[in-house]
Amino acid sequence: MADPAVQGIKTVLHPVVDLATAKKVYTALLGVEPQTDGDFYVGFDVAGQHIGLVPGAGTQGMTSPVAYWHVPDIEAKLAEVTAAGATVKNAAADVGGGRLVATVTDLDGNVLGLLQDR
């Protein structure tokens, strides 16, 4: 049975090399202008989901898109998934605006994101 506290995947971040070109591609794909448009991050809000473009993410170990599961208590969920066998890749960190993010890897090496808005 699904954990009723998990709010589902609402955020997917994509590592990009050329932010300007990626922004054009995703604007064309999604049919909207970005809601967040900076040198270090571009974000689109579409149909209840947030799609983010992260330049230089490869230097942070992000080599493919990461889906973020929204949870009400990131530390509790980290404890739960690591007890089940996941490994913490990036511990919970505040990325601004009261938002906490963390990543774990499952036994197959898949990266799973966790996100909590305070």
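Here is a short chat about a predicted model, its strands, a few residues and a pocket.

Q: Hi! What should I know before we start?
A: This is a predicted model, in which local features need pLDDT of at least 70 and side-chain atom pairs count only at pLDDT 80 or more, while totals for chains, interfaces and linings use all residues. Residues are numbered from 1 along each chain as its sequence is written, and side-chain values use heavy atoms, with hydrogens and water left out.

Q: Okay, what order do the strands of the sheet have?
A: The order is S2-S3-S4-S1-S5-S8-S7-S6, in an open sheet of eight strands with mixed pairing. The edge strands, each pairing on one side only, are S2 (36–37) and S6 (87–94). Strands here are DSSP runs of E with at least two residues, helices are runs of H or I with at least four, and both are numbered from the N terminus. Two strands pair if DSSP finds at least two bridges between them.

Q: Why do they alternate?
A: In a regular strand the side chains alternate between the two faces of the sheet.

Q: And how does S5 pair, parallel or antiparallel?
A: With S1 (residues 9–16), S5 runs antiparallel, joined by four bridges. Leu13 stands opposite Val66 there. With S8 (residues 111–117), S5 pairs in the parallel sense over three bridges. In that pairing Tyr68 stands opposite Gly113, and His70 stands opposite Leu115.

Q: What about S7 and S8?
A: S7 and S8 run antiparallel and are joined by seven bridges. Val101 stands opposite Leu115 in S8. Their hairpin has five residues between the strands, and Gly109 takes a positive phi near 90 degrees.

Q: New topic: where is Thr103, and is it buried or exposed?
A: Thr103 is in strand S7. Thr103 counts as buried because its relative accessible area is 6%. Its side chain makes a polar contact with the side chain of Asn90 at 2.8 Å. A polar contact is a pair of N or O atoms within 3.5 Å; within protein, one must be able to donate a hydrogen and the other to accept it, and residues adjacent in sequence count only if both atoms are side-chain atoms.

Q: What else does Thr103 touch?
A: Not counting residues up to four places away in sequence, Thr103 touches several residues, including Val66, Tyr68 and Gly113. Contact means heavy atoms within 4.5 Å.

Q: Now His50. Where does it sit?
A: His50 lies in strand S4 (residues 49–55). His50 is buried because its relative accessibility is 11%. The side chain of His50 makes a polar contact with the side chain of Tyr41 at 2.7 Å, and also reaches the backbone oxygen of Phe44 at 3.4 Å.

Q: And Ala47, buried or exposed?
A: Ala47 is exposed, because its relative accessible area is 81%. Ala47 is in the loop between S3 (42–46) and S4. Its phi is near 50 degrees, a positive value in a residue other than glycine.

Q: Last one: what is the volume of the largest pocket?
A: About 580 Å³. Of the 25 residues that line the largest pocket, the closest to its centre are Leu13, Gln60, Tyr68, Val95 and Val101. S1, S4, S5, S6, S7 and S8 are the elements that give two or more residues to the lining.

Q: What counts as a pocket?
A: On a 1 Å grid over the protein atoms alone, a pocket is an open set of points where a 1.4 Å probe fits, with protein on both sides within 12 Å along at least five of seven lines; lining residues have an atom within 4 Å of a point. Grid points are joined across faces, edges and corners, and the volume is the space filled by probe spheres set on the points.

Methods. Buried means under 20% relative accessible area, exposed over 50%, partly exposed in between (1.4 Å probe, protein chains only).
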